[in-house]
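Biologist: Let us walk through this model together. I will ask, and you will answer briefly.

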Amino acid sequence: MIMFFGLGSLYTETVIASIEKRETASAETLYRSQTRLTDQLGKTWQVVLFKQVYPGQGQTLNLRLVGFPGSAELIHPQPLKITTATGKVFKAADVFLEEAPAPTIGQYDFQDILSKLPTEPLVLSIPQPGDRSIDINVPHFIVQEWQRVVSDE
């Protein structure tokens, strides 16, 4: 019995992510990393970092946050605050300047930010009315995966 109870204490929350590459009919190439993370209230969010490469036109790099049912509605346009484990703060511009496809979706420009982020845990803070925010902890291995998305061609 001691062994049985001892093994139960080894359980940890599993976070699964993977990099996917797709090519569209318009010759655009899409690279993305997708995972599910929870906020400070235990609500689940789909977190998708994606790079779109357009032949001869450059690329975009965005982070999309999608709240599952019961998540708070997001205010647009509001920047996303990214805080590193060492306390350095970055801000990503809101891509949805007026209206998002759904009230629980946010998308942020990571083009100039991701290369500056250290490979350490992050906190994504989505602004809410007043001084409140929705905080999502991002493990360091997800940040590493995001950096691989940037380097894939």
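Modeller: Two terms before we start. Buried means under 20% relative accessible area, exposed means over 50%, and partly exposed lies in between (1.4 Å probe, protein chains only). Helices (H or I, at least four residues) and strands (E, at least two) are DSSP runs, numbered from the N terminus. The model is predicted, so local features need pLDDT of at least 70 and side-chain atom pairs pLDDT 80 or more, while totals for chains, interfaces and linings use all residues. Residues are numbered from 1 along each chain as its sequence is written, and side-chain values use heavy atoms, without hydrogens and water.

Biologist: Which residues make up the covered face of β9?

Modeller: In a regular strand the side chains alternate between the two faces of the sheet. In β9, the uncovered face has Ser133, Asp135 and Asn137. The covered face of β9 has Ile134, Ile136 and Val138.

Biologist: In what order do the strands of the open sheet of four run?

Modeller: Strands pair if DSSP finds at least two bridges between them. Here the pairing is antiparallel. The edge strands, each pairing on one side only, are β6 and β9. The order is β6-β5-β8-β9.

Biologist: By how much are neighbouring strands of this sheet turned against each other on average?

Modeller: Axes are lines fitted to C-alpha atoms, for helices over the stretch in contact, and angles run from 0 to 180 degrees between N-to-C directions. For this average, direction is ignored. The turn is 25°.

Biologist: How many bridges join β8 to β9?

Modeller: These two strands run antiparallel. The number of bridges joining β8 to β9 is six.

Biologist: Which residue in the hairpin of β8 and β9 takes a positive phi?

Modeller: The hairpin has five residues between its strands. The phi in question is near 75°. The residue is Gly130.

Biologist: Is Gln128 buried or exposed?

Modeller: Gln128 is found in the loop between β8 and β9. Contact means heavy atoms within 4.5 Å. Not counting residues up to four places away in sequence, Gln128 touches Ala72, Glu73, Leu74, Ile75, Ser133 and Ile134. With a relative accessible area of 9%, Gln128 counts as buried.

Biologist: What is the relative accessible area of Ile126?

Modeller: Ile126 is found in strand β8. Beyond residues up to four places away in sequence, Ile126 touches residues including Trp45, Leu65, Leu80 and Tyr108. Ile126 is buried, and its relative accessible area is 1%.

Biologist: What distance separates the C-alpha atoms of Ile126 and Lys81?

Modeller: Along the chain, Ile126 and Lys81 are 45 residues apart. Their C-alpha atoms are separated by 6.7 Å.

Biologist: How many residues does the largest nonpolar core have?

Modeller: A nonpolar core is a set of buried Ala, Val, Leu, Ile, Met, Phe, Trp, Tyr and Cys residues joined through side-chain atoms within 4.5 Å. Those with the most contacts inside this core are Leu80, Ile82, Phe110 and Trp146. Elements giving two or more residues to the core include β8 (122-127), β9 (133-138) and α2 (140-151). The size of the core, in residues, is 29.

Biologist: At about what angle does α2 run to β9?

Modeller: α2 lies across β8 and β9. Leaving aside neighbours within four places in sequence, Trp146 is in contact with residues including Leu122, Leu124 and Val138. The angle of α2 to β9 is about 80°.
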